[in-house]
Amino acid sequence: AFNALEGGLACQKHTVSGERLGVVGIIVPWNYPILLALGPLVAALSAGNRVMIKMSEFTPKTGALLQNLIAQNFAPDYITVINGEARWQITSNYRA
C-alpha cells in the first residue's frame, strides 16, 4: 500500500484555483424551461462565470417571469435573459 507521508506528499503545498471561462450561453428548450435554465445557471455561476440565457420563444410567460426575477436580484452584466425569437434579435440590426 502507498503511504502518502513516506512519498513526500505531506510536505508539498497544493492549491486549487478556478479559471473563469467568461460568458456561458444557455439555450433553453420549450419543455421544462425553469429546470433546464436554472440547472446550468447554478453550475455556471458557481464556476465564476457570467451567463446569458436564451429562453424558448414557445414559453413567453415563463421567460418573462424568469427575466423579471433575475433582473430584481442580479446585475444585467452578470446574468442576462433574452426572450423572443432568436433570428429576429440577431438580424434586427443587420443591414445588407
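In what order do the elements of the protein chain run from the N terminus on? I read them off as β-α-β-α-β-α. The model I am looking at is predicted.

**Overall count**

I counted 3 helices and 3 strands in the protein chain. I then looked up burial: 21% of the 96 residues count as buried. The accessible surface of the chain comes to about 7600 Å². Carbon and sulfur atoms hold 60% of that surface. For contacts with a separation of 6 or more, I noted that 65% are between residues 24 or more positions apart.

**The sheet**

I traced the strands next. They form an open sheet of 3 strands, ordered S1-S2-S3, and the pairing is parallel. Strand S1 (23-27) and strand S3 (79-82) are at the edges; each has a single partner strand, so one side of each has no neighbour in the sheet. Neighbouring strands are turned against each other by 15° on average, direction ignored.

I looked at the S1 and S2 pair in detail. The two strands run parallel and are joined by 5 bridges. For Val-23 I found Arg-50 as the bridge partner in S2. I then checked what packs on the sheet: helix H2 (residues 60-73) does, and it touches S2 and S3. The direction of H2 makes about 160° with that of S3.

**Asn-49**

Where is Asn-49 found? I located it in the loop between helix H1 (33-46) and S2.

**Lys-54**

I went on to Lys-54, which is found in strand S2 (residues 50-54). Lys-54 has 14% relative accessibility and therefore counts as buried, again by the cut-off of under 20%. What lies 2.6 Å from a polar atom of the Lys-54 side chain? I found the backbone oxygen of Gly-84 there. I also looked up Ile-26, which is 28 residues from Lys-54 along the chain. The C-alpha atoms of Lys-54 and Ile-26 are separated by 6.1 Å.

**Entry to keep**

Key: Residues are numbered from 1 along each chain as its sequence is written. This is a predicted model: local features need pLDDT of at least 70, side-chain atom pairs count only at pLDDT 80 or more; totals for chains, interfaces and linings use all residues. Side-chain values use heavy atoms; hydrogens and water are left out. Helices (H or I, at least four residues) and strands (E, at least two) are DSSP runs, numbered from the N terminus. Buried means under 20% relative accessible area, exposed over 50%, partly exposed in between (1.4 Å probe, protein chains only). A polar contact is a pair of N or O atoms within 3.5 Å; within protein, one must be able to donate a hydrogen and the other to accept it, and residues adjacent in sequence count only if both atoms are side-chain atoms. Two strands pair if DSSP finds at least two bridges between them. Axes are lines fitted to C-alpha atoms, for helices over the stretch in contact, and angles run from 0 to 180 degrees between N-to-C directions. Contact means heavy atoms within 4.5 Å. Accessible areas come from the Shrake-Rupley method with a 1.4 Å probe; for residues, only the protein chains shown count as cover.
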